[in-house]
Amino acid sequence: MNKVTFKKIQKNPYLVIGGLIMGIILLMIIVGFFWMPYEPTKMSASEKLQGISLKHIMGTDNMGRDVFSRVMYGSRVTLLISIGTIIIGAGAGTLIGAVTGYFGGIVDEVTMRIIDALFAFPSILLSLVIVSVFGVGHVQLVISLGIAFVPSFSRIVRGEVLRCKNMDYIENARLQGVSDFRMIFLHIIPNIRGVLASSILIGFNNAVLAEAGLSYLGVGSQPPYASLGRMLSDAQQYMFTRPSYVLCPGIVIVLMVLGFAFLGEGIKRWK
């Protein structure tokens, strides 16, 4: 990293704050691959619903499982599901938006009407419909959320491609005989990378919330495995008797959302 880039980051508080938040969460997730205080699925009838202590720094749940270990594991699950969601949503959405925006015509009209119809449904509702077809589980959740995220990325990329495709540098490349494929993927998409990067980070924000919401409803992670949304669902009835059981996964969800939101805003303001 050169000095100019470092100074730009220093002058961008959104990137700094978002980077710090996500750095802490990523550190916890990475450490969780190699070490956890307890096995996250290990139950202990004698240690149910214990409060915060040196032995269990976030207490235990209603099955006697260590909440901190489950938060470490659940954060990993939530983040991996979000990554899979964005790979599908941003990948397919970028391809659809770029091709339809560049070529236009009847294909663009038909595709965008389909996208508009899908976009009219809230992502969680659309995901629930798709889950009902594919079934329940991590892979099914990734597929359903990824499909639900395609319309938003398609609209964003299509709008940027429409803005760029008649610019002078595109006309010059066209006069030089550059193929349509190279035009889209080597000339247009690299020039909308700022908007695309910001949209991807905002997409991560929405994916974390969508995963938490669907797992809370019982169509994501299934017992005994944990995700942050599943932990909230399991803990809701103990909100007043053992608040740490609810607050710990809830705080991590909030931090994840804030981290991605700050990073997305930082990318928008990058100059």
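A residue is counted as buried when its relative accessible area is under 20%. By that criterion, 46% of the 271 residues of the protein chain are buried in this predicted model. The chain has eleven helices and zero strands, so that from the N terminus on its elements run α-α-α-α-α-α-α-α-α-α-α. Taken along the principal axes, the C-alpha atoms fill a box of roughly 75 × 50 × 30 Å. Among contacts with a separation of 6 or more, 70% are between residues 24 or more positions apart.

The largest nonpolar core consists of 49 residues. Within this core, V67, V71, I86, L145, F149, M256 and F260 have the most contacts. Two or more residues are given to the core by each of α2 (13-34), α3 (67-103), α5 (123-134), α6 (138-164), α9 (193-216), α10 (228-235) and α11 (243-268). The largest share, ten residues, is that of α3.

Several pairs of helices were examined. Two packed helices are described by the angle between their axes and the distance between the axes. For α3 and α6, the axes are 5 Å apart and the packing angle is about 35 degrees. The crossing of this pair is right-handed. The contact of α3 with α6 has 20 nonpolar, eleven polar and one charged residues.

Helix α3 also packs against α11, at an angle of about 35 degrees and with the axes 10 Å apart. This crossing, too, is right-handed. On the α3 side the contact is made by V67, V71, S75, T78 and L79, and on the α11 side by Y245, C248, P249, V252, M256 and F260. These residues divide into nine nonpolar, two polar and no charged. V67, V71, M256 and F260, which take part in this contact, are also among the residues with the most contacts inside the largest core.

The axes of α10 and α11 come within 9 Å and cross at roughly 150 degrees. Angles over 145 degrees count as roughly antiparallel, and α10 is therefore roughly antiparallel to α11. The crossing of α10 and α11 is left-handed. In this contact, L228, G229, M231, L232, D234 and A235 of α10 meet Y245, V246, P249, G250, V252, I253 and M256 of α11. By class, the contact of α10 with α11 comprises ten nonpolar, two polar and one charged residues.

Helix α10 is largely enclosed by the rest of the structure, because seven of its eight residues are buried. The buried residues are L228, G229, R230, M231, S233, D234 and A235. They pack against α3, α9 and α11.

With residues up to four places away in sequence not counted, S154 touches G93, I96, G97 and I115. L118 is in helix α4, which spans residues 105-119. The relative accessibility of L118 is 31%, and this residue therefore counts as partly exposed. Apart from neighbours within four places in sequence, L118 is in contact with L126 and P151. L118 and F149 are 31 residues apart in sequence, and their C-alpha atoms are 9.6 Å apart in space. F149 is one of the residues with the most contacts inside the largest nonpolar core.

Conventions:
Residues numbered from 1 in each chain as written. Predicted model: local features only at pLDDT ≥ 70, side-chain atom pairs only at ≥ 80, totals over all residues. Heavy atoms only, no water. Core = buried A, V, L, I, M, F, W, Y, C linked by side-chain atoms within 4.5 Å. Buried < 20%, exposed > 50% of the residue type's maximum accessible area, 1.4 Å probe, protein only. Helix = DSSP H or I, 4+ residues; strand = E, 2+ residues; numbered from the N terminus. Axes fitted to C-alpha atoms, helices over the stretch in contact; angles between N-to-C directions. Parallel < 35°, antiparallel > 145°, perpendicular 65-115°, else oblique. Left-handed = near helix turned anticlockwise from the far one by under 90°. Contact = heavy atoms within 4.5 Å. Nonpolar A, V, L, I, M, F, W, Y, C, P; charged D, E, K, R; others polar.
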